[in-house]
Amino acid sequence: MVRHVRTAVGSAVLLMACAWPAQVAAQSLRVPYITFTLPNGLKVIVHEDHSVPVVTVNTWYHVGSGDELPGRTGFAHLFEHLMFMGSQHVPTGQFDQLLEAVGADNNGSTTVDRTNYYESGPANALPLMLYLDSDRMGFLVPEITPEKVDLQRGVVQNERRQSYENQPYGLADENILKRLYPAAHPYSWPVIGSMADLSAATIEDVRQFSRTWYTPTNATMVIAGDVNPTDVRRQMTRWFGGIARGPAVTRRPAPPVNLETDIYATLEDRVQLPRVYNTWHTVKAFAPDDAVLNVLADVLSSGKSSRLYRRLVYEMQIASQVSADAGGARLDGSFEISATARPGHDLNELQLVLGEEIRRVAEAGPTTREMERVLNQTEAQFLGQMERVGGKANQLAYYDYFVGTPDYFQADLDRYRRVTAADVQRVAREYLLRAHRVVLSVVPQGRLQLAATQPGGN
Amino acid sequence: MNRPLRAGACPAAAFLLLAAVPAALAAQAPDRTRPPALGPAPALRLPSVQTATLPHGLQLAVVEMHKVPVVDVTLMLDAGAVADPADLPGLATFTANMLDEGAGRRSALEIAEEADFLGARLSTSASYDGAAIALHVPKRQLGPALDLMADVLVRPAFADSEITRQRDLRRTQILQQRDQPVAMAGLAFPSIVFGAQHPYGRAIGGTEASTALLTRDRVSQFYQTHYRPGNAKLLVVGDITLAEAQQLVAERFGAWERGTTPPAAPAATAAAPTARTFYLVDKPGAAQSVIRIGNVGVPRSTADYFPLQVLNTILGGSFTSRLNQNLRETHGYTYGANSQFAMRRMAGPFQAGAAVQSAKTDSSLIEFLRELRRVRDEVVPQAELDKAKAYIALGLPGDFETTSGSASQFRALLDFGLPLDYYNSYVARINAITAADVQRVARQYLDLDHFVIVVVGDRSQIEAGIRALNEGPISIRDLWGQEIR
């Protein structure tokens, strides 16, 4: 029950790839909802689930680190922290105090594409949640002081120390991203941002950012749980109806992404064992090959029976860990395979086998059994998300933002059902085998000879 | 780039989209000068626990939840690390880990593959007090998944080749603990608080030396002794009835030999407390210092369970708790500070902790000690007490929302032999706690004069500052808690 972390959701673009909800076999997955839009442009989605007397409010602002400018990296996430520091009618500290006093939890998170906030608690707490959320949507900026910015800057810098700098391999991500993307591309830096940019953020940045992005037109709110839709509509109108619409949101086009060549780099870290990361560009979320790439990642590394675990960890015993992740975001997607060597082995040994396995799946594709296994796991994950109103609420907001249809659960699962072995084979060839990548070696300090080297290179 | 247009929704939604909210409604300005009044909090509605005893002595408990077609099955065994032989810490966790590395007719990889194929999660684990085999599975695959679970429980192979493989993997994992300051603190702190003579003071995941001694014989012997039906309980939660569960389980676990139920683990004595001391574990170059402060706490059976829950919520068990507010929201020294009483069958540790900016290590320790003293010395104000009680009591329904959430709540009752209707009186018992109760347990269980204070950080940056605090001597330790001279 303890909440101590306001998370910057981790590794840059590899964000939304994990757990999806859904239902099995012949049953169709449905999360019924109603939706309405207030005159100021705030879109509201309501889902009733009376099985447990709880309610959740999940607000998505359609702004993330992907909307930041160079020199202000990490600002979207710093702003997220400031959203808990009180607003015009809610004194500093009261946001959390009031919610805990009625048995509710709350938190927020920032990704490359969006920032979300939720409160979750007993069903009678809904008016308080809407009061607090509306106050910080409409009346935040006048209360932000340089002291509050300095304080949360310190907290966020400690978040960076705790989650990145003081973690083994914790700086791998930012070292990959800056090589995978051109410097002007907002996915070229991690959500947490750089220490220097966090230090440079000013109160004027806060005002500007709020005016631009934290407006009713740029938000979607999901209210889910033991609620009455008519009552929700009345309360939403009451608390949010008077907030000014704000200017229309315009987004800068992102520069094109393309790797012209393989890029090799090495980072020394305070680690016992070397680890290699291979990262390729793929496709945006919900693009035609997005689901196929997720299936490929599962075939390669989901569970002990996956191809890479079996070869590297179980049979050859040259790696202690291996993982493959696919992730599509709003502007781009990526595919990453990483593996950690066991004592006495170097990263070239691992790269050789990783290369063999990629070629094998690109040449022969997965087996029927592998395809069924991955689909069954995917269906079970969809089902898991249906258990919690908080999970359903966030997913409704996610689908609404990315595909424009909140109840996209069944359609999303159907994407996975349509994937064929030939598709998986094709994407392995197209996005991995025939494409360039960033290869980052993280090695113990002074042990550069363990790094992966470019075949035929110097 | 704008988000895509709506691709079509259910008819009700489409209708409501057209019906725009009248502007007049929006114009009514709400009263923002105070938080809105709330209606009464919903009552906690809990599913009941049904029980049965299977023919060979295995106790079964079933909780029906039919919302989503999934089932959670948890088999709990008194086979935890408290049963580790003194020369072989890590045997209980290793034995649990070996259960699914080949069993029945299936190899290690075939078991994993079959579970994945069924869309099931099957896990085996051991804590200090017990071992568990846990299954989470879509209802329609429950039968085949239970077949798998029964193999893992009743027919583990413990092949030499798999023992060797997992032993080597564990060696690598133990090596990698040196990379993680939180893991280092997690080894050093209990070792110093409890001492090597107490099972809670020994490394639950084993040491480099003990891992080398793991053999098929030792694993097999531990399994034969401790994995017995009279030593186990089975909890089934989800889309299932008691009758269904009884039949499914009896069919599959019937072959499990009753054997001899081993005696309960003997009581153990923790190391005698010494005067408050700082134990410094050097991690050169660390960006933060990981702090753990505490002492031997209480067992789960303590009569002070409810006041301690309230105390801990106030001290470090919620976002607005004193430690987090002070170290994070007032000073910005950390991303989060917390505290907990780990309640086990025997008294577990109380610990408060945080990862703090290296340069603020001494300042953070001052604030930790200030808060730990204050909660003993001063009566908690009524509003703060009320908030903490409400946070615990009103948050309870959310803990029962999912099958796995409910399973972990009910599992605690079975693990500790608590009455099955325990949660029915939970809220009333929290609500009865007074500020005097909180102060009494703070004084009784926060042993300031004997605190063990472990700091894992860059010694060259932090030692002088800690010494200057004048709050206790410094002892230099390795990650196992052993003194370095």
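## A sheet in chain B

In chain B, strand β8 (residues 288-296) runs antiparallel to strand β11 (residues 452-457), and five bridges join them. Strands here are DSSP runs of E, at least two residues long; helices are runs of H or I, at least four long; both are numbered from the N terminus. Two strands pair if DSSP finds at least two bridges between them. G294(B) has V452(B) as its bridge partner in β11(B).

This is a predicted model: local features need pLDDT of at least 70, side-chain atom pairs count only at pLDDT 80 or more, and totals for chains, interfaces and linings use all residues. Residues are numbered from 1 along each chain as its sequence is written, while chains are lettered from A and ligands numbered from 1 in the order in which they are written.

## The whole sheet

β8 and β11 belong to an open sheet of six strands in chain B, ordered β9-β10-β8-β11-β7-β12. Its pairing is mixed. The edge strands, β9 (334-341) and β12 (474-477) of chain B, each pair on one side only.

## A second sheet

Chain B has another open sheet of six strands, in the order β1-β2-β6-β3-β5-β4. Its pairing is mixed too. At the edges lie β1 (49-53) and β4 (121-126) of chain B, each pairing on one side only. Which way do β2 and β6 of chain B run, parallel or antiparallel? Strand β2 (residues 59-64) and strand β6 (residues 232-238) of chain B run parallel, joined by six bridges. Q59(B) has K233(B) as its bridge partner in β6(B).
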